[in-house]
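This report covers a pocket, some ring contacts and one annotated span. The reader may want the structure open alongside the text.

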Amino acid sequence: MEAQSSSDMLLSRKRRRESSTRDTEEAERLVKIPRCTVGLKHPAPFADELEPVTKKPYVRVNMEEAKRGTHPDRPVRVYADGIFDVFHSGHARALMQAKCLFPNTHLIVGVCSDDLTHTYKGFTVMNEDERYDAISHCRYVDEVVRNAPWTLTPEFLAKHRIDFVAHDDIPYSSAGSDDVYKHIKEAGMFAPTQRTEGISTSDIITRIVRDYDVYVRRNLQRGYTAKELNVSFINEKKYHLQERVDKVKRKVRDVEEKSKEFVQKVEEKSIDLIQKWEEKSREFIGNFLQMFGPEGALKHMLKEGKGRMLQAISPRQSPNSSPSREERSPSPTFRLPFFTKTSPPPSPPPHHSGARGYLVSEDDDDEDDES
């Protein structure tokens, strides 16, 4: 009994725990963000255009103090650097993570110049001014450092009063070093962020190179010249011909789709017409049979008319039983003065007055003739 009661208690606790977790998940799912205007109206300023920081000595904030929260006048200064070529959502997410590392964060973003980038990494799509401007318009950035160094030095960290450096934890080998952030990690100033998979500048460039012909034809169609696109005369004519062929194919495809839609509509309408015709035909046949069928209204009308005609032209029928001899009206009688035989006079009928003298009926005459 005790074992059973303990198992029941465990099951009840498990059910309560599952129900509570389910309720919390549903509550998290139903939580909505209130509508508010959080966007900034101005881009982030450049570090070389700001007033110098107060002459207070530079004292770093450790990780515990930063996580606990600092005074509003002393935010945690986090630095994140990069090339930020063809600025995309992966860059923005990394900067968002750096901004949200601590409750009170001042995010400083360093952007390397074209010379450094071309030397250590390769050619860029956007020049340095375009990359500076793109970073300054990111909502998470508080300050932009132009011409940022490739390797961070203690002097640079002290100049900008940097507390932590944010970057993904993957070792970044460059400039003859296995990891350019190794000394930052050893000093306890490294704050790791996560990379966004599936999106990078190299991936975007790979897509463009893979579909080079498509984008060249796209820009030629939008008014760019072959010289601006560095395309030869022959290739330009080839691209124009391909564009015309594709237009013809698209037209043929459109005609096929429209014809399919037309045929489908005709089939639907024909099915509707056939169904309506069947309904009307059934209704017509039913009405015809009700009028002209073997038990139709026309037959009853003809029967009634025939009966009325026969009744009009035929005389009235005589009674079925003829009256008896006694019930017959007496035949007319007349006197025979020379007849010697006397017979009692027949009783006169109630409606006929008796005649004096001898009355001889036609029957008596018949008997006399026979004798």
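## Pocket, rings and a helical span

Four elements each supply at least two residues to the lining of the largest pocket: strand E1 (76–82), helix H3 (89–99), strand E4 (164–168) and helix H8 (201–210). H3 gives the most, with five residues. The model is predicted.

The largest pocket holds about 900 Å³ of space. It is lined by 36 residues, and the closest to its centre are Ile-83, His-91, Lys-121, His-167 and Arg-195. By class, the lining of the largest pocket divides into 17 nonpolar, 14 polar and five charged residues.

Next come the aromatic rings. How many aromatic pairs does the count come to? The count comes to four aromatic pairs. Is Tyr-79 buried or exposed? Tyr-79 has a relative accessible area of 0%, so it is buried. Phe-156 also counts as buried, because its relative accessibility is 12% and the cut-off for buried is under 20%.

Phe-102 counts as buried at 6% relative accessibility. Phe-164 counts as buried at 0%.

The table lists two cases.

| Charged residue | Ring | Distance to ring centre |
|---|---|---|
| Arg-146 | Phe-46 | 4.0 Å |
| Lys-185 | Phe-190 | 5.0 Å |

Arg-146 lies over the face of Phe-46. In the other case, the charged end of Lys-185 sits over the ring of Phe-190.

One span carries a database label. An unreviewed UniProt entry annotates residues 238–265 as "coiled-coil region". What share of residues 238–265 is helix, and what share is strand? In the model, the span is 100% helix and 0% strand. The end C-alpha atoms of residues 238–265 lie 40 Å apart.

Definitions and conventions: Residues numbered from 1 in each chain as written. Predicted model: local features only at pLDDT ≥ 70, side-chain atom pairs only at ≥ 80, totals over all residues. Heavy atoms only, no water. 1 Å grid on protein atoms, 1.4 Å probe; cavity = no way out; pocket = protein on both sides within 12 Å on 5 of 7 lines; lining within 4 Å. Points joined across faces, edges and corners; volume = space filled by probe spheres on them. Nonpolar A, V, L, I, M, F, W, Y, C, P; charged D, E, K, R; others polar. UniProt positions renumbered as here; feature names shortened; annotations may be inferred. Phe/Tyr/Trp six-rings, centres within 6.5 Å; stacked < 30°, edge-to-face > 60°. Buried < 20%, exposed > 50% of the residue type's maximum accessible area, 1.4 Å probe, protein only. Lys NZ or Arg CZ within 6 Å of the ring centre and 35° of its normal.
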